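I am opening a notebook on a structure that is new to me. The entries below record what I looked up.

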Amino acid sequence: MTSPILSWSIVLQLAIVGFALLLGLLALISIFSKSAPLQVNQADDTPPGSLGWPLVGKTLEYLKPHKSNSTGQFLQEHCSRYGRVFKSHLFGNPTIVSCDLELNTFILQNEGKLFASSYPKSVQSILGKLSMLLVSGEQHRKIRSTAVSHIGTSKSRPDFLRYIDKLSSSLMESWKERKRVPFFKEAKEARTRISSTLRVIINERKTRKEGYSRGDFLDEFLQKGHLDDEEEVSIVLDLLLAGYETTSGLIALVVYFLAQAPKALQQLKDEHRKLRGNKADGELLDFEDYKQMEFTMTVINEALRCGNLVKFVHRRALKDVKFREYVIPAGWKVLPVISAPHLDPVLHQHPSVFNPWRWEDEATSKKFAPFGGGLRLCPGSDLAKLETAFFLHHFVLTYSWKIKEDECPVSHPYLEFKRGLLLEIEPL
């Protein structure tokens, strides 16, 4: 009879051998994927490129973390070898990758006609099947129009602006006894937890006898009455999660780049000192003040260009699409890398340099699409800029700061930052 200890020893040895074989197999796949590309029965008019092996493809290479103000090794190598438009095998699908401004614009402007949103199931499970990012057609139009309407009216409402201003100033006050501030933390809550909480709140408000009396954005949606329960939950989640990620990420980018650009920081301070000088003590900012923050807008735009909050979006070709000399086959995934033109030296001189004054040339804005485009242009883009501008007004007039170089947040493998930003601050 074999002893239990001996049996477990044999099992452990087999497990180790099996694991070693698995690692070896993965290594072989990695080696052969570079030399033995997947052959597909497509005409030569698809873009050049290599598809790698089935299933494995090149997704891990594509998602390798890299500096946010660079396109990363994968895109650099492939664009150098094949050009700005190439084919690959990513996220389990044959894929056309575009780092070309003209093709990116063409893809985004032809949403619903030639291309459709096509995110991986992992993204769908996080955002929910009715997320504005994922739905299409009439359902997308209905949900998006509700969000756009709310955001459009909110951004200039005096009560909303007062709230943003007070929130920013109270944040400055809360930091006065601190030497270090952790900036931009990744959202921790799971979607299901927030979703269940929102459902309870919505049901409570619907059954209230006194009607809709809170006056917040949730009440506005409920009063409209044209969304079902799941759509109401989804749109509120989109606004909460996307708003948090976009605005906090943008603020972190601006603070990061300003710490390395003393001339830009000084001009930004001068602009906000002038604004503050024209207001009474304790007087809050208003929309007219926001419209005077001209250099602030160039700083924000340049941080978006250099930092690239969103690297790319997922699309799928609905039919064979002819673009220039290439054909994008029906059913293939299409990845417009919207950050790539921002870092293209042909389009932007010294693209890795943070230079807000480049925005004095009006042509710069035509080579810039940080929030996507077409039917899926981010509805909260202007709101994120406004909130960032109000925050900067208080921050640059209250503190000086420097960044711990070993904790910079500017590398990310997908759509968001993965590390916080640690600031050392001193009151002015």
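Predicted model: local features only at pLDDT ≥ 70, side-chain atom pairs only at ≥ 80, totals over all residues.

**Entry 1: two helices**

I began with a helix pair: α11 passes α13 in a left-handed crossing. (A crossing is left-handed if the near helix is turned anticlockwise from the far one by less than a right angle, and right-handed if clockwise.) The axes of α11 (residues 262-277) and α13 come within 8 Å and cross at roughly 145°. Axes are lines fitted to C-alpha atoms, for helices over the stretch in contact, with angles from 0 to 180 degrees between N-to-C directions. I listed the contact residues as Ala264, Gln267, Leu268, Glu271 and His272 of α11, against Glu294, Phe295, Thr296 and Val299 of α13. Contact means heavy atoms within 4.5 Å. Helices (H or I, at least four residues) and strands (E, at least two) are DSSP runs, numbered from the N terminus.

Residues are numbered from 1 along each chain as its sequence is written, and side-chain values use heavy atoms, with hydrogens and water left out.

I looked up Leu309, which lies in the loop between α13 (294-307) and β5 (315-317). Is Leu309 buried or exposed? Leu309 is buried, with a relative accessible area of 13%. (Buried means under 20% relative accessible area, exposed over 50%, partly exposed in between, with a 1.4 Å probe and protein chains only.) The C-alpha atoms of Leu309 and Ser339 are 8.4 Å apart, although 30 residues separate the two along the chain.

**Entry 2: the open sheet**

I then traced the sheet that includes β5. It is open, has 5 strands in the order β1-β2-β8-β5-β3, and its pairing is mixed. Two strands pair if DSSP finds at least two bridges between them. The edge strands, each pairing on one side only, are β1 (85-90) and β3 (115-117). On average, neighbouring strands are turned by 35° against each other, direction ignored. β5 and β8 (residues 333-336) run antiparallel and are joined by 2 bridges; Arg316 stands opposite Lys333 in β8. Helix α3 (residues 72-82) packs on the sheet, touching β1 and β2 (93-98), and its direction makes about 130° with that of β1. Helix α4 (residues 101-109) also packs on the sheet, touching β1, β2, β3, β5 and β8, at about 120° to the direction of β8.

**Entry 3: strand β9**

β9 (residues 399-403) pairs with β10 (residues 421-427) in the antiparallel sense over 5 bridges. Ser400 stands opposite Glu426 in β10. Which residues of β9 are on the covered face? They are Tyr399, Trp401 and Ile403, whereas Ser400 and Lys402 are on the uncovered one.

**Entry 4: rings**

I found 20 aromatic pairs in the structure. (Rings of Phe, Tyr and Trp, its six-membered ring, pair if their centres lie within 6.5 Å; planes under 30 degrees apart count as stacked, over 60 as edge-to-face and the rest as tilted.) One of them is Tyr256 with Phe257, edge-to-face at 5.1 Å centre to centre and 70° between the planes. Tyr256 counts as buried at 8% relative accessibility, and Phe257 counts as buried at 6%. The rings of Phe395 and Trp401 have centres 4.6 Å apart and planes at 40°, so that pair is tilted. Phe395 is buried at 0% and Trp401 is buried at 10%. I also noted one aromatic cluster formed by Tyr62, Phe74, Tyr82, Phe86, Phe91 and Phe312.
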